Each structure stands twice: as C-alpha cells, then as structure tokens.
Amino acid sequence: MGPSQARGGAVRLPSDKVLTSRRAELLTMAANGMSNADIARALWVAEDTVKSHFRHIYAVLGAKDRAHAVALGLVRGFIRPDQVRLQPPRGSAA
C-alpha cells in the first residue's frame, strides 16, 4: 500500500513521517537531473534552502544520498514515472 495524502498536500508515510508537497517537488526536480543550484534558481530560493530540504528528505525517507532518495521516491510513489523526463546525460552527443 502506498503513501496517503494528508492535509495541505503533504504525503504521509506509514511511519507518520511526512514528506511535504514542496519536498516532493524538489525530489522530482532532482529525478530530472537538476542540481541544487538549478533547483534554487527555478524556485527563487537560496541554494542552502535546497540543501536543507534535501537533508530533511533523506531523513524522512531513510535515504543515504540523492540517488537513493530518488529511487525511494519512485518506489514509494512520491515521484510518478511520467514526471521524469528521459534525456541524455549532460555533455553527451546524443
């Protein structure tokens, strides 16, 4: 059974830990290859704010790093596969 929606757009995990809709948005942006600096520019926030959000995301999901957080976000339904754009890696000739 996947996570359930809580009030205010937050997503409730079975352990009662909450991943806010804003943090789910940042996780989706990371899944699309955006760096902390890219995310900060897109959301008009400081890069330190983005880093703080990711520290909370890691804690809530129990993730070891950014890739692990994205994987857990996909598996637990915080990121839908259709939200991830499949693009060649930066700098590739494809």
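At what angle do helix H1 (residues 21-31) and H2 pack, and how far apart are their axes? The model is a predicted one, and in it the angle between H1 and H2 is about 130 degrees, with the axes 10 Å apart. Angles over 145 degrees would count as roughly antiparallel and those from 65 to 115 as roughly perpendicular; H1 and H2 are therefore oblique to each other. The crossing of H1 past H2 is right-handed. On the H1 side the contact is made by Arg22, Glu25, Leu26, Met29 and Ala30, and on the H2 side by Ile39, Ala42 and Leu43. Sorted by class, this contact of H1 with H2 holds six nonpolar and two charged residues, and no polar ones.

H1 also packs against H3. Their axes come within 10 Å and cross at roughly 100 degrees, so H1 and H3 are roughly perpendicular to each other. H1 contributes Arg22, Arg23, Leu26, Leu27 and Ala30 to this contact, while H3 contributes Val50, His53, Phe54, His56, Ile57 and Leu61. The classes in the contact of H1 with H3 are seven nonpolar, two polar and two charged residues.

| H1 and H2 | about 130 degrees | 10 Å apart | six nonpolar, no polar, two charged |

Which residues have the most contacts inside the largest nonpolar core? They are Leu19, Leu26, Leu27, Ile39, Phe54, Ile57 and Leu61, in a core of 23 residues. At least two residues of this core come from each of H1, H2, H3 and helix H4 (66-75). H1 supplies the largest share, six residues.

Ile57 is one of the core residues with the most contacts. Leaving aside residues up to four places away in sequence, Ile57 touches Leu19, Arg23, Leu26, Leu27 and Ala69.

Where is Trp44 placed? Trp44 lies in the loop between helix H2 (36-43) and helix H3 (47-61). Is Trp44 buried or exposed? Its relative accessibility is 80%, and exposed means over 50%, so Trp44 counts as exposed. The phi angle of Trp44 is near 60 degrees, which is a positive value in a residue other than glycine.

Conventions. Residues numbered from 1 in each chain as written. Predicted model: local features only at pLDDT ≥ 70, side-chain atom pairs only at ≥ 80, totals over all residues. Heavy atoms only, no water. Helix = DSSP H or I, 4+ residues; strand = E, 2+ residues; numbered from the N terminus. Buried < 20%, exposed > 50% of the residue type's maximum accessible area, 1.4 Å probe, protein only. Axes fitted to C-alpha atoms, helices over the stretch in contact; angles between N-to-C directions. Parallel < 35°, antiparallel > 145°, perpendicular 65-115°, else oblique. Left-handed = near helix turned anticlockwise from the far one by under 90°. Contact = heavy atoms within 4.5 Å. Nonpolar A, V, L, I, M, F, W, Y, C, P; charged D, E, K, R; others polar. Core = buried A, V, L, I, M, F, W, Y, C linked by side-chain atoms within 4.5 Å.
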